[in-house]
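Subject: The structure you asked for

Hi,

Here is the structure, with the sequence alongside. Please open it up first, and then read my notes below next to it.

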Amino acid sequence: MTIQFFDLAGGDVNVRFSPNCWRIRMALLHKGLPFDDIPLRFVDKEPIAFSGQKLLPVIRDGNRSVNDSWDIAVYLEAAYPEKPKLFGGSQAMALCNMIRFWVQGSVHRAIQRLIIVDILDALDQRDKAYFRSTREARLGMTLEQFRVSPAEGVQELRNALQPARDTLQYQPFLCGPAPAFADYLLFGAFMWSRAVSQIKLLEHGDPVYAWRERMLDLHNGAARKAPGRGA
Ligand SMILES: N[C@@H](CCC(=O)N[C@@H](CS)C(=O)NCC(=O)O)C(=O)O
């Protein structure tokens, strides 16, 4: 049975902005596993009630349901060991977990402050009030107060990316000569921005820019072809 992949969608249902969902879209493509792509809105998560929680991504594979992007990647690696590896081994998986927390802590935070109002603008009308109230409660301030100017935010992001920049001077992907899940962890953050915002996050000469171009070309250009605002 084809895997069902539940993804978060914007006002235009083809705009997919969730960084955590992008990790899994790329992981499924990496493994070469066919999947049904099922878009959901923030206020319409009834279709994932079977997962017992309300966050995306979620996959359903036969009678197995898995949520949380990390747990899904671990599941896919264990369930499809004959397919291209997402981690490559238990030590690599453990190290990749550190990349996950670096991305979520430093990179997501910097990008979120730049694009938070762009995300709001990209949502379906029914999702806007939900997004504003849940995020403002979490942040303890309005979205507009949380947002930083491109000049300030882009510099914070570029500083946060230094470990990736240094690594990519040695090798084309974070995982070495070929991409794997650590690359998808970071790449998801860029797809978040690309889907909703036109802010130029990276300079042309930056090794991270060249890496992002390579990532956009992967799997038949799946990410490059995805609808969005561009940068
Ligand atoms: N740690 C989780 C985080 C999942 C998460 O926060 N998903 C967001 C989208 S990126 C979501 O579904 N939010 C729905 C909501 O806030 O109602 C993962 O990596 O999957």
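Predicted model: local features only at pLDDT ≥ 70, side-chain atom pairs only at ≥ 80, totals over all residues.

Domain 1 puts 17 residues into the contact, and domain 2 puts in 22 residues. On the side of domain 1 that touches domain 2, helices H1 and H2 each contribute at least two residues. H1 gives the most there, with 7 residues. By type, that side of domain 1 consists of 11 nonpolar, 3 polar and 3 charged residues.

Next, the inside of the protein. The largest nonpolar core has 58 residues, and those touching the most other members are Ala27, Val107, Ile111, Phe181, Leu186 and Phe187. Two or more residues each come from strand E1 (3-8), H1, strand E3 (58-61), H2, helix H3 (90-122), helix H8 (181-196) and helix H9 (207-225). H8 supplies the largest share of this core, 12 residues. Domain 1 and domain 2 are each represented in this core by at least three residues.

Now the ligand. There are 13 residues around the ligand, and Ser18, Asn20, Leu55, Leu56 and Ser69 come nearest. Helix H1 (19-31) and helix H2 (69-79) each bring at least two residues to this shell. The shell is made up of 7 nonpolar, 4 polar and 2 charged residues.

H2 deserves a look of its own. Which residues of H2 are buried? They are Ser69, Ile72, Ala73, Leu76 and Glu77. These residues are on the same side of H2, because they cover an arc of only 135° around the axis. An α-helix has 3.6 residues a turn, so residues three or four places apart point the same way. Asp71 and Ala78, on the other side of H2, are exposed. As for partners, the buried residues of H2 pack against H1, E3, strand E4 (64-67) and H8.

The peptide bond from leucine 56 to proline 57 is cis, and its omega is near 10°. Proline 57 sits in the loop between strand E2 (35-40) and E3. In helix H9 you will find histidine 219, which has a positive phi near 50° although the residue is not a glycine. Asparagine 220 is also found in helix H9, and its phi is positive too, at about 65°, again without being a glycine. Asparagine 220 is exposed, because 9 other C-beta atoms lie within 10 Å.

Last, proline 150, which belongs to helix H6 (residues 150-160). Proline 150 counts as partly exposed because there are 16 C-beta neighbours inside 10 Å. Leaving aside neighbours within four places in sequence, proline 150 is in contact with Leu114 and Ile199. Leucine 174 is 24 residues away from proline 150 along the chain, and their C-alpha atoms are separated by 26 Å.

Happy to go through any of this together.

Best wishes

Terms used
Residues numbered from 1 in each chain as written. Near = placed C-beta within 6 Å. Helix = DSSP H or I, 4+ residues; strand = E, 2+ residues; numbered from the N terminus. Nonpolar A, V, L, I, M, F, W, Y, C, P; charged D, E, K, R; others polar. Core = buried A, V, L, I, M, F, W, Y, C linked by C-beta atoms within 7 Å. Buried ≥ 20, exposed ≤ 12 C-beta atoms within 10 Å, placed from the backbone. Domains from an automatic or database assignment. Contact = placed C-beta atoms within 7 Å. Arc of directions from axis to C-beta.
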